[in-house]
Amino acid sequence: MQEFGTTVFAEMTQRALQFDAVNLGQGFPDTDGPAELIEIAAHGLRSGLNQYAPARGLPVLRQAVADHQRRFYDIPLDPDTQVLVTVGATEAIAASILALADTGDEVLVIEPYYDSYAACIALAGAQRRSVSLRFPDLALDVDALRAAVTDRTRVLLLNTPHNPTGKVFSREELDAVAAIALEHDLVVISDEVYEHLVFDGLRHIPISTLPGMAERTLTISSVGKSFSLTGWKTGWVSGPAELVGAVASVKQFLTFVGVTHVQPAVAHGLGLPDEFFTGFAEQLQGKRDLLVAALTDVGVPVSPCQGTYFVIADFAGHGVTDAVEFCRRLPQDVGVVGVPVSAFCDHPEQVASLVRFAFCKQDDVLKEAARRLRSLRNDGNHSRVMTP
């Protein structure tokens, strides 16, 4: 684990505090989730849900996950054998990789990737192989993905909607991923935590719904992103009973069980009306538009943002050749925090001018960030930001 030091998020958050900058670096909302869920969780504390939950999670939440998957995607699940409650999606990812990848095995990832993926693969003693999404269109290179598979590849780690790019994989791309998994007998770990945060009339498609994939896919989601309750750290894994059982065997030695008192509240949230989920996505789409407009106004191209909390911007036209140093100076010189996309990549040279910004913030915060970003117009007044 020596290659994994302090995360870039921690560093940029410190710089945001140091320079009183608008923090668009880390992907957490600055407003609470639904009040009714918070009240149910508070009632759980007061009513005695303060001891260990069952190993696989409270039955009410496991049933709610099963109901949710059937309701939105027509996926049938046995809540007793095919659903496991975890301490957030991050533990679900770690436990899944530890369960399925051994020393010397290979895990195939699509980069840029959520930063915990690399650390979890290292903890398993496995090796990662990566295939890049390229700015600006972020299309999946199917031939490169197929060529990256070797006789040691065991797992393909998929993330859609995709952090950090905001890409939503198309049906055609998912069909290609599924074909590769079937051809090479791979298990797919599908990180779908942003499943309800999809824009512009697009639709999230779980890869487990594709022919032949239900029996070889572990699907991961959580309460944090869909309900703006990231601090609750409650997620779940679902899929074939044998694979979920393997993950449960690992999970018991990581955190043993999840937080008990919030689980009924999460279960309630999963059963909220469709209007809640679509309404939240519409709100975020408006926030995306606000931030994208500000970046476009100063001549900064952005990749298509089809979902999640994030947009990727290219500062090459502003003379940026090292986004890490650029992001370190941005809080002081402009008063805004972003994260270099290279923090999510095995091939940083391909993304040397790209910065990720999070737009899951209050409109007033985003408007202030937009005002500050507009100081980056090519008027010569901010050359200290553009060049090392």
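Here are legends for a handful of close-up views of this predicted model.

View 1. The largest nonpolar core holds 76 residues. Within this core, I97, L295, F315 and F357 touch the most other members. There's a general pattern behind a view like this: in soluble globular proteins, nonpolar side chains tend to be buried together.

**View 2. Zooming in on F357.** Which residues does F357 touch, once those up to four places away in sequence are set aside? Among them are L291, L295, Y309, F310 and V311. A313, F315 and L330 also touch F357, and so do V336, V337 and G338. L24 is on the list as well. Two of these partners, L295 and F315, turn up again with F357 among the core members that touch the most others.

**View 3. A salt bridge between two helices, E91 to K251.** The side chains of E91 and K251 meet here, with 3.1 Å from N to O. E91 sits in helix α4 (residues 88–100) and K251 in helix α9 (residues 241–251), so this pair links distant parts of the chain, 160 residues apart. Are these two residues buried or exposed? E91 counts as buried because its relative accessibility is 8%, and K251 is buried too, at 1%. As a general point, side chains of opposite charge can pair when their charged atoms come close.

**View 4. Sequence neighbours D289 and R288.** The side chains of D289 and R288 form a salt bridge at 2.8 Å, N to O. D289 is partly exposed, with a relative accessible area of 37%, whereas R288 is buried, at 9%.

View 5. Helix α13 (residues 363–373) carries both R372 and E368, four residues apart, or about one turn of the helix. Their side chains meet in a salt bridge of 2.8 Å, N to O. E368 is partly exposed, with a relative accessible area of 24%.

**View 6. A salt-bridge network.** Here E3, R128 and D346 are linked by salt bridges into a network.

**View 7. Helices α2 and α10 side by side.** Helix α2 (residues 35–46) and helix α10 (residues 263–270) have axes that come within 7 Å and cross at roughly 155°. Because angles over 145 degrees count as roughly antiparallel, α2 and α10 are roughly antiparallel to each other. Their crossing is right-handed. On the α2 side, E36, L37, I40 and A41 make the contact; on the α10 side, P264, A265, H268 and G269 do.

Methods:
Residues numbered from 1 in each chain as written. Predicted model: local features only at pLDDT ≥ 70, side-chain atom pairs only at ≥ 80, totals over all residues. Heavy atoms only, no water. Core = buried A, V, L, I, M, F, W, Y, C linked by side-chain atoms within 4.5 Å. Buried < 20%, exposed > 50% of the residue type's maximum accessible area, 1.4 Å probe, protein only. Contact = heavy atoms within 4.5 Å. Salt bridge = Lys/Arg side-chain N within 4 Å of Asp/Glu carboxyl O. Axes fitted to C-alpha atoms, helices over the stretch in contact; angles between N-to-C directions. Parallel < 35°, antiparallel > 145°, perpendicular 65-115°, else oblique. Left-handed = near helix turned anticlockwise from the far one by under 90°.
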